[in-house]
Amino acid sequence: PLPPLRLGLLAGCAVLSVLLGVAVYRVLGEALGVRAGFPAFCLVVPLVWIVRMLPVSLNGLGVGEGAFVLLLGMFAVPEEQALA
């Protein structure tokens with residue numbers, strides 16, 4: 001087992017990397033006019049990452065985009081903006 005200090009450092013790096021990934025989607029969404037807050041992206045982006053790992057298509061093509069449209073639609077984002 002990992003010592004507590006090393007485990008904390010590893011968990012901190014993991015959380016930081018996920019938040020940076022979410023921030024990238026948030027900045028791109030803001031540039032495209034998507035009116036969803038940072039907490040919405042914190043919920044949507046990791047779920048889309050999980051959906052893309054499902055073995056239903058070749059390398060997740062189309063699955064992630066559909067998941068973005070569906071999940072951002074729950075936050076009143078129009079389909080055209082969510083797809084972009």
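Predicted model: local features only at pLDDT ≥ 70, side-chain atom pairs only at ≥ 80, totals over all residues.
1. Residues are numbered from 1 along each chain as its sequence is written. Local features need pLDDT of at least 70 and side-chain atom pairs 80 or more, while totals for chains, interfaces and linings use all residues, and side-chain values use heavy atoms, without hydrogens or water.

2. The model has 2 salt bridges (a side-chain nitrogen of Lys or Arg within 4 Å of a carboxyl oxygen of Asp or Glu). Side chains of opposite charge can pair when their charged atoms come close. Arg26 pairs with Glu30, with the closest N and O atoms 2.9 Å apart. Both residues lie in helix H1, 4 residues apart, about one turn of the helix (a helix is a DSSP run of H or I, at least four residues).

3. Glu30 also meets Arg35 in a salt bridge, at 3.3 Å from N to O, so Arg26, Glu30 and Arg35 are linked in a network. Arg35 is exposed at 63% relative accessible area, whereas Glu30 is partly exposed at 39% (buried is under 20%, exposed over 50%, partly exposed in between, with a 1.4 Å probe and protein chains only).

4. Leu43, in helix H2, is exposed at 53%. Leu43, Leu70, Met74 and Phe75 form a nonpolar surface patch with about 440 Å² of accessible area together (residues with over 30% relative accessible area and no salt bridge, nonpolar side chains joined within 5 Å; areas by the Shrake-Rupley method with a 1.4 Å probe).

5. The lining of the largest pocket divides into 10 nonpolar, 2 polar and 2 charged residues (Ala, Val, Leu, Ile, Met, Phe, Trp, Tyr, Cys and Pro count as nonpolar, Asp, Glu, Lys and Arg as charged, the others as polar).

Notes. Patch = residues over 30% accessible without salt bridge, like charges linked within 9 Å, V, L, I, M, F, W, Y side chains within 5 Å. Helix = DSSP H or I, 4+ residues; strand = E, 2+ residues; numbered from the N terminus.
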